[in-house]
Amino acid sequence: MTVSLLIRPATSDDEAAIWAIIEPVIRAGETYTLDRDMSRADALAYWFGPDKETFVAEDAGGVVLGTYYLRANQAGGGNHVCNAGYMTGAAAMGRGVARAMCLHSIGHAKVRGFRAMQFNFVVSTNVRAVGLWQSLGFEIVGRLPGAFDHPAAGCVDALVMFRGL
C-alpha cells in the first residue's frame, strides 16, 4: 500500500518528528554507522548538518512519515556526485515512503546540478533497502568485506551503490 505524500524542506519545527523517526534507527545500530548512544542534540545536528539539505515526507494529515538529507558526496572534483540518507518511521514502512523520498531526492539532485548519486555504505543485511535502490537504478559498484559490525549478525559487508542522474 502506498500513501499520498508531500515532501518538503524540513524546518526546526520538524525536529521532534524527525527525532521520533531517527532515534529507533540509530539505537538499533543495524543500518547506519552512527553511535548507538548518540544524543538527541548530536543526532539532529548530524541530520541537519550545514552540508545537508534535509527534507520530510508527510501524509495528507501532516504527519511526518520519513525524512532524508541530500549533500555533495565529496568536495572539489567530486562535488558533482551527491549522497543521501533516508529513514522511514516504523509505522510507515512498506508503504512506499522510502521510494517516494528517493525519487524526490533524485529529482531534486538533478535540479541542483548533480550528475550522479552515490550511497557510500549500504549495509548488506539491509535487504529491503538494497532491493529498493536497485529497483531505482542504483548498481552495486563496490563491496567492503566485513566493514559493518552489525549488532546481531556480526561483521557484514557494506555496499557502495551508484547511479547516474
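Predicted model: local features only at pLDDT ≥ 70, side-chain atom pairs only at ≥ 80, totals over all residues.
Reader: Okay, so how do I read the packing of helix H1 and helix H2, and what is the angle?

Author: In general, two packed helices are described by the angle between their axes and the distance between the axes. Here, H1 (residues 15-28) and H2 (residues 40-47) pack at about 105°, and their axes lie 10 Å apart. H1 and H2 are therefore roughly perpendicular to each other.

Reader: Which residues in H1 and H2 meet?

Author: From H1 you'll find Glu 15, Ala 16, Ile 18, Trp 19, Ile 22 and Ile 26; from H2 come Arg 40, Ala 43, Leu 44 and Trp 47. Sorted by class, that contact has eight nonpolar residues, two charged ones and no polar ones.

Reader: On to the strands. Which way do S2 and S3 run, and how many bridges join them?

Author: A handy general idea for strands: when one is regular, its side chains alternate between the two faces of the sheet. In this model, S2 (residues 53-58) and S3 run antiparallel, joined by six bridges. To find your place, look for Glu 53 opposite Leu 70 in S3. S2 and S3 make a hairpin with five residues between them, and Gly 62 in the turn has a positive phi of about 85°.

Reader: What pairs with S3 over seven bridges?

Author: That's strand S4 (residues 81-88), again in the antiparallel sense. Tyr 68 stands opposite Tyr 86 in S4.

Reader: And why is S3 called largely enclosed?

Author: Eight of the nine residues of S3 (residues 64-72) are buried, so the rest of the structure largely encloses this strand.

Definitions and conventions. Residues numbered from 1 in each chain as written. Heavy atoms only, no water. Axes fitted to C-alpha atoms, helices over the stretch in contact; angles between N-to-C directions. Helix = DSSP H or I, 4+ residues; strand = E, 2+ residues; numbered from the N terminus. Parallel < 35°, antiparallel > 145°, perpendicular 65-115°, else oblique. Contact = heavy atoms within 4.5 Å. Nonpolar A, V, L, I, M, F, W, Y, C, P; charged D, E, K, R; others polar. Buried < 20%, exposed > 50% of the residue type's maximum accessible area, 1.4 Å probe, protein only. Pairing = 2+ DSSP bridges.
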